[in-house]
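This briefing is meant for someone meeting the structure below for the first time. Please look over the sequence and the model, and then read the points that follow, which are grouped by topic.

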Amino acid sequence: MDISVAELSARLAEYSRLTEDLLAMREGIDQIRVTAYSPDGLVTVTVGGRGELVDLELDPRIFREPDATALAGSIAGTIRDAADAAARDAARIAARLTGAETDDEVDPLFDPVLRLLDGEPERSQRLWRG
């Protein structure tokens with residue numbers, strides 16, 4: 001298969017633009033910080049853009065009624081709430097990059113690359129066949 005210099009230049013420009021977009025998306029996601037509070041206000045968590053726990057605060061009043069199971073459930077639920085919010089923020093960033101109409105249909109991990117492969121169906125078929 002022969003590729004013209006113009007076609008090769010166009011592909012390189014597209015890959016370069018995609019790389020810049022992906023780096024900008026990664027930077028945006030890395031800057032996300034979401035804080036959530038348990039319903040009783042005794043647990044505060046902060047997560048990053050990938051849902052990773054950044055900070056955990058327990059109000060000292062939490063020890064007035066020691067219940068390890070309830071505390072664990074409260075912490076886990078609060079982390080899930082914050083991680084869900086962080087995922088929505090990351091999806092908004094990815095939606096801007098991919099040009100998606102809504103961010104609830106965007107996967108920040110895969111959609112930018114899938115967008116590139118969608119533009120080249122023969123390339124994506126070669127990749128899947130190995």
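In this predicted model, the lining of the largest pocket is made up of seven nonpolar residues, five charged ones and one that is polar. That makes a lining of 13 residues, around a pocket whose volume comes to about 230 Å³.

**The pocket**
- Among the lining residues, those that lie nearest the centre of the largest pocket are Ile62, Glu65, Asp67, Ala70 and Leu71.
- One of these, Asp67, also caps the N-terminal end of helix 2, where one of its side-chain oxygens lies 3.2 Å from the backbone nitrogen of Thr69.

**Helix 2**
- Helix 2 covers residues 68-98, which is 31 residues, and spans 44 Å between its first and last C-alpha atoms, close to the 45 Å expected at 1.5 Å a residue.
- Several of the buried residues in helix 2 are alanines, including Ala82, Ala85, Ala86, Ala90, Ala91, Ala94 and Ala95, and the buried set also holds Ile75, Gly77, Thr78, Ile93 and Leu97.
- After the end of helix 2 comes Gly99, which has a positive phi near 75 degrees.

- Pro60 sits in the loop that links strand 3, residues 53-58, to helix 2.
- Is Pro60 buried or exposed? Pro60 counts as exposed because its relative accessibility is 63%, and the cut-off for that class is over 50%.
- Although Pro60 and Leu42 are separated by 18 residues in sequence, their C-alpha atoms are 7.9 Å apart in space.

**The paired strands**
- Strand 2, which takes in residues 43-48, pairs with strand 3 in the antiparallel sense, and the pairing runs over five bridges.

**The chain as a whole**
- The chain contains four helices and three strands, and read from the N terminus on, these elements follow the order α-β-β-β-α-α-α.
- The chain has 130 residues, of which 28% count as buried.

Note on methods: Residues are numbered from 1 along each chain as its sequence is written. This is a predicted model: local features need pLDDT of at least 70, side-chain atom pairs count only at pLDDT 80 or more; totals for chains, interfaces and linings use all residues. Side-chain values use heavy atoms; hydrogens and water are left out. On a 1 Å grid over the protein atoms alone, a cavity is a set of points where a 1.4 Å probe fits but cannot get out, and a pocket is an open set with protein on both sides within 12 Å along at least five of seven lines; lining residues have an atom within 4 Å of a point. Grid points are joined across faces, edges and corners, and a volume is the space filled by probe spheres set on the points. Ala, Val, Leu, Ile, Met, Phe, Trp, Tyr, Cys and Pro count as nonpolar, Asp, Glu, Lys and Arg as charged, and the others, Gly among them, as polar. Helices (H or I, at least four residues) and strands (E, at least two) are DSSP runs, numbered from the N terminus. The expected span of a helix is 1.5 Å times one less than its number of residues. Buried means under 20% relative accessible area, exposed over 50%, partly exposed in between (1.4 Å probe, protein chains only). A polar contact is a pair of N or O atoms within 3.5 Å; within protein, one must be able to donate a hydrogen and the other to accept it, and residues adjacent in sequence count only if both atoms are side-chain atoms. Two strands pair if DSSP finds at least two bridges between them.
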